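Hi,

Here is the structure I promised to pass on.

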Amino acid sequence: MLVRGIVLLVGLLGAVGSAFGQTQSPVERGKYLVSTIMTCQNCHTPKGERGAPVFERDLSGGLSWDEPPFKVTASNITQDKETGIGSWTDDQIRTALRKGERPNGVHLAAVMPADFYEIITPGDLNAIVAYLRTIKPVKAETPAPVYRIALPRKIVPGAEKPFSDADLTDKVKKGFYLATIGHCFECHTPMGPKGRDFENSYGKGGFEFPGPWGKSVSRNITSSKTAGLGDWSDDEIKRAITRGLRKDGSPLKPPMGFGFYANLTEGDLDALVAYLRTVPAKD
């Protein structure tokens, strides 16, 4: 009876741990974040035919940008010690993520959403580093960045410091956390004279993205019932996030990373929707 009781207790504790996500290892958690909400592969993985990621060379460098402030290519973030981040310390990787700063002190271009990563919990930050350590080394040199002007940091209000695990127990706060580390409002907030206009146009949309798909324009994702998502159902919002379909069923264009968001958990999707419902309406 004692043995049977112990077995039952262990099983019960395992079930409780699973229900609260405590059985997920740091590497598994890091992989989940990198490959879903943070869409790291959307930029750092080479693209093949029709823009499909070449996962055989996963995270070995990808998209390039030639903009007025900079000319850069997404870095090789595999464990290759010569061309990737294999020789970086854990603290140097954490600094690059949170502060947007390379080990040599050079700042990363603003297209790397480090300004959105200050909010990452210490546990999630360590998990991301743990997962990146498992990425197979791929030797792939990326062009040296060219910086034409210095850009100030622009952090989303409320995301200036790391969240705690306790913050993530609140559904709306968890949604804000996910939307921030997913840098949703990097694309869905238009630029002002001093960068993203978070103060006046947060989530208003209107940012243009030219590419092989033509030109896509980020839409309004505020709670506005006329211009935003206010009259969308929860399922319609989730469908847009995970399948790239508008309310009327027509397809959205890249660079929206719905192929990565398709693997978000239902709980994370619920939290994202709960947060989006709170974003002040902008028409």
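The side chain of Thr83 makes a polar contact with that of Asn76, at 3.1 Å (a polar contact is a pair of N or O atoms within 3.5 Å; within protein, one must be able to donate a hydrogen and the other to accept it, and residues adjacent in sequence count only if both atoms are side-chain atoms). This is a predicted model: local features need pLDDT of at least 70, side-chain atom pairs count only at pLDDT 80 or more, and totals for chains, interfaces and linings use all residues. Residues are numbered from 1 along each chain as its sequence is written, and side-chain values use heavy atoms, with hydrogens and water left out.

Back to Thr83: you'll find it in the loop between β2 (70–73) and α4 (90–99). Helices (H or I, at least four residues) and strands (E, at least two) are DSSP runs, numbered from the N terminus. Thr83 is buried, with a relative accessible area of 13% (buried means under 20%, with a 1.4 Å probe and protein chains only). Leaving aside neighbours within four places in sequence, Thr83 is in contact (heavy atoms within 4.5 Å) with Asn76, Val138, Lys139, Ala140 and Glu141.

Now the helices. α2 (residues 26–35) and α5 (residues 122–132) pack at about 90 degrees, with their axes 7 Å apart. The axes are lines fitted to C-alpha atoms over the stretch in contact, and angles run from 0 to 180 degrees between N-to-C directions. That makes α2 roughly perpendicular to α5 (65 to 115 degrees). On the α2 side the contact includes Pro26, Val27 and Leu33, and on the α5 side Ala127, Ile128 and Tyr131 are among the residues involved.

The buried residues of α2 are Gly30, Tyr32, Leu33, Val34 and Ser35. Besides α5, they pack against α3 (40–44), α6 (171–181), α10 (258–261) and α11 (266–276).

Two of those partners also meet each other: the axes of α6 and α11 come within 7 Å and cross at roughly 95 degrees, so α6 and α11 are roughly perpendicular too. Their contact includes Phe176 and Leu178 of α6, plus Leu272 and Tyr275 of α11.

As for the whole chain, there are eleven helices and seven strands. Of the 283 residues, 43% count as buried. The C-alpha trace spans about 75 × 50 × 40 Å along its principal axes.

Cheers

Note on methods: Parallel < 35°, antiparallel > 145°, perpendicular 65-115°, else oblique. Buried < 20%, exposed > 50% of the residue type's maximum accessible area, 1.4 Å probe, protein only.
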